[in-house]
Amino acid sequence: MIPQANYHTHNSLCDGAGELEEYIEAARRKGFSALGFTSHAPLPFDNDWTLAESDLTTYCDRVKNYKYLNGLEIYLGLEIDYIPGKMGPAQARWQQYGLDYTIGSVHMIPHEGKAWSIDGPDDEFIHLYKQVYHGDGTAMAVEYYRLLTEMIRQGGFTILGHLDLIKKKNLKLNFLDEQAPAYTHAVHEVLDALAESGIFMEINSGGIFRGVTKDVYPSPAILQKACRRNIPIVINSDAHTPEALDFYFPEACSLARQAGYTTAMMLLGESWQEIPLGES
Ligand SMILES: [Zn+2]
Ligand SMILES: [Zn+2]
């Protein structure tokens, strides 16, 4: 069975295209059982890709307003960034919004007081890669995974977002060897922390949808190792348009099965349940 749900979606209140209602309509058209909204949580500095602090309550109220709509379960979430000392999913402040679940993600590596994007504008990425890490892509990736591990240990969230997002620009910029021992070691530390935490891992097809990666996040080799550690998975597309809601789902399910998974997690009837992936 292919899970008819997506718990990682954006919309026009953050960096997605389309109103909440357009996502709901698309989910109903696709026969979904559940749809989760996870706008990017506001950051403590100006940017053009997260919710504005002043829109956060409106976003929460609007999603909650739709909670049950003719058989489609609608859930309220946030994708929350981790920036050490500045913000993270473990902060108590998120509890006041009545969120059903949260995604914890790292999109930035901080350096000298500024958080530099690893998946956004090339110039920010290249600054990190060349000026901060002096062309050592592995060292940069190791720092990314160190931040992920730190975020997981602090906890306070439900799903880890796009585990190996650091590879996003590798196809274009060829800066990273995903077989390097230091790289795989850092990934193992993330997986060990995840297994201990009970936090779910997502299979995220967003990179393929954008045409920037060949693989889902995380790569099949990581998926296999996650399965051996019994880390539960959620199948998501990180949709930034309504049409992308079920993008690559059949393939993602096949990859999960090939890695050894027999079930995926779905939030249904207000609780996370293990749903059999079945045969292809
Ligand atoms: Zn993300
Ligand atoms: Zn996202």
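Analyst: Helices here are DSSP runs of H or I with at least four residues, strands are runs of E with at least two, and both are numbered from the N terminus. The model is predicted.

User: In which loop does Asp 238 lie?
Analyst: Asp 238 has a positive phi near 55°, though it is a residue other than glycine. Strand β10 covers 233-236 and helix α9 covers 249-258. Asp 238 lies in the loop between β10 and α9.

User: Is Asp 238 buried or exposed?
Analyst: A residue counts as buried at 20 or more other C-beta atoms within 10 Å. Asp 238 has 26 of them within that distance, so the residue is buried.

User: How do α4 and α6 lie to each other?
Analyst: Helix α4 (residues 137-154) packs against helix α6 (residues 181-197) with the axes 9 Å apart. The angle is about 10°. Angles under 35 degrees count as roughly parallel. The pair is therefore roughly parallel.

User: How many residues of the contact of α4 with α6 are nonpolar?
Analyst: From α4, the contact includes Val 142, Leu 148 and Ile 152. From α6, it includes Val 187, Val 190 and Leu 194. Three residues of the contact are polar and three are charged. The nonpolar ones number twelve.

User: Which peptide bond is cis?
Analyst: Look at the loop between α7 (206-209) and α8 (220-228), where Pro 218 is found. Omega there is near -10° for the cis bond from Tyr 217 to Pro 218.

User: What is the radius of gyration of the chain?
Analyst: The chain holds nine helices and twelve strands. For 280 residues the globule rule gives 19 Å, and the chain comes close to that, so it is as compact as a globular protein of that length. The radius of gyration is 18 Å.

User: What share of the contacts with a separation of 6 or more joins residues 24 or more positions apart?
Analyst: Buried residues make up 46% of the chain. Among contacts with a separation of 6 or more, the share from residues 24 or more positions apart is 72%.

User: In which strand is confidence lowest?
Analyst: Mean pLDDT for the chain is 96, and 99% of the residues score at least 70. Confidence is highest in strand β8 (residues 159-160), at 99. The lowest mean, 78, belongs to residues 68-69, strand β3.

Notes:
Residues are numbered from 1 along each chain as its sequence is written. Chains are lettered from A and ligands numbered from 1 in the order in which they are written. This is a predicted model: local features need pLDDT of at least 70, side-chain atom pairs count only at pLDDT 80 or more; totals for chains, interfaces and linings use all residues. pLDDT is the predictor's confidence in each residue, from 0 to 100. The radius of gyration is taken over C-alpha atoms; the globule rule is 2.2 Å times the number of residues to the power 0.38. A residue is buried if 20 or more other C-beta atoms lie within 10 Å of its own, exposed if 12 or fewer, and partly exposed in between; C-beta atoms are placed from the backbone. Two residues are in contact if their C-beta atoms, placed from the backbone, lie within 7 Å. Axes are lines fitted to C-alpha atoms, for helices over the stretch in contact, and angles run from 0 to 180 degrees between N-to-C directions. Angles under 35 degrees count as roughly parallel, over 145 as roughly antiparallel, 65 to 115 as roughly perpendicular and the rest as oblique. Ala, Val, Leu, Ile, Met, Phe, Trp, Tyr, Cys and Pro count as nonpolar, Asp, Glu, Lys and Arg as charged, and the others, Gly among them, as polar.
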